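Hi,

Here is the model I promised to send over.

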Amino acid sequence: MRWMVLFMAATVSATALADTRIIAHRGASAHLPEHTMAAYLLAYGQGADFLEPDLVLTRDGVPVALHDRTLDATSDVAQVFPGRARDDGLHYAIDFTLAELERLNFGERVEPETGQARYPDRWPVGQGRFGIVTLEALVETTRSLNRSTGRRVGLYPELKFPSFHRDHGQDIAAAVVAVLDRHALPSDDLPVWIQCFEPETLRDLRDAHGDRFTLIQLLAEREWAGYEDVDWDAMWAADGLDAVAAYADGVGPPLARLLERTDDGVVPSVHLQAARERGLVVHPFTFRRESMPEGVTLEAMLGLFIHELRVEALFTDHPGVAVAVRAQAP
Ligand code: CA
């Protein structure tokens, strides 16, 4: 019930149309398996402004669209390459060449322990044939579609696990920039924004490339596995945000960080204003129907962030829903 207070009490003063950019999180991942070309094409067709690939490197250094270091939750790697797991029983993308990954069938995400779907109401597990998507293929496809449609949809790659790649002798940022160099990106017809959780990587990009890329510092929560190395609370403090503003154009926080529960209900947290005071744009994640607080619809949450908080962009598994909410008068 408390959630309702903010949604009901919110008043709209501005009359301008909302211009929140809609980012297709791993493609239209609510409807087709994440990071597949089908999911990206559907997101494009649904009107997304940006397509998001998470990127990791293959053994031969090719950036491919994958969220995990490992292949087990989204592909048939265990059947195709028996004996190639590490001691932990998992298959790491960085242990396979692109040619090997091209032999895999990708599909809806499962919990590796049980084989059950992470999101049971989505695309059926094991249904269909979907190949690995390289950054290069996504660039060429998006650029071609922009040409044939006259639109200007962008790419918003996330550089995954730079430290992990470095430990394996690979440089994820350099490999991605090499692809962007080959295609002279970003360009007027194809904007490119770059996101990363590791501050050093973004700092190095800013130092090496100046203002060429729009850079977004992602923010995690301390309790998330794999993100314990950065003091996220310190990054949210005044000093921390000042430091971020020195190398990044904006922040990408979990959406819950921008809301706060009080006796009066749920209100915007101090973080949104703190970021804006430093000139940082705010791109929260992830607007997903299965992850909404009890009693709050995806549409209501999107409406709050688009029409009331007016964030500059947001990440969603449901780009078509977000585009529709944006088009509605609040
Ligand atoms: Ca991501």
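Bear in mind that this is a predicted model. I'd start at the metal: along the chain, the donors of the calcium ion are spaced as E-x1-D-x103-E. They are Glu52 (OE), Asp54 (OD) and Glu158 (OE), coordinating at 2.2 Å. Asp54 belongs to strand 3 (residues 54-57) and Glu158 to strand 6 (residues 158-159), so this pair ties together parts 104 residues apart in sequence. Asp54 and Glu158 are both buried.

On to the salt bridges, which number 26. One of them joins Arg326 to Asp49, with the closest N and O atoms 2.9 Å apart. Since Arg326 sits in helix 13 (residues 319-327) and Asp49 in the loop between helix 2 (37-45) and strand 2 (50-52), the pair ties together parts that are 277 residues apart in sequence. Both of these residues are buried, Arg326 as well as Asp49.

Compare Asp189 and Arg143, whose closest N and O atoms are 3.0 Å apart in their salt bridge. Asp189 is in the loop between helix 7 and strand 7 (193-196) and Arg143 in helix 5 (residues 135-149), 46 residues apart. Asp189 is partly exposed, at 31% relative accessible area, and Arg143 is partly exposed too, at 25%. There is also a network of salt bridges with shared partners, made up of Arg26, Glu34, Asp54, Asp68 and Arg109.

Last, the packing. The largest nonpolar core holds 80 residues, and Leu51, Met301, Leu302 and Phe305 have the most contacts inside it. Helix 7 (residues 172-182) gives this core its largest share, seven residues. Another core, of 20 residues, lies apart from it and includes Leu71, Phe81, Ile94 and Ile132.

Cheers

Note on methods: Residues are numbered from 1 along each chain as its sequence is written. This is a predicted model: local features need pLDDT of at least 70, side-chain atom pairs count only at pLDDT 80 or more; totals for chains, interfaces and linings use all residues. Side-chain values use heavy atoms; hydrogens and water are left out. A nonpolar core is a set of buried Ala, Val, Leu, Ile, Met, Phe, Trp, Tyr and Cys residues joined through side-chain atoms within 4.5 Å. Buried means under 20% relative accessible area, exposed over 50%, partly exposed in between (1.4 Å probe, protein chains only). Helices (H or I, at least four residues) and strands (E, at least two) are DSSP runs, numbered from the N terminus. Donors are N, O and S atoms within 2.8 Å of the metal (3.2 Å for Na, K and Ca); water is not among the atoms, so sites may look incomplete. A salt bridge is a side-chain nitrogen of Lys or Arg within 4 Å of a carboxyl oxygen of Asp or Glu.
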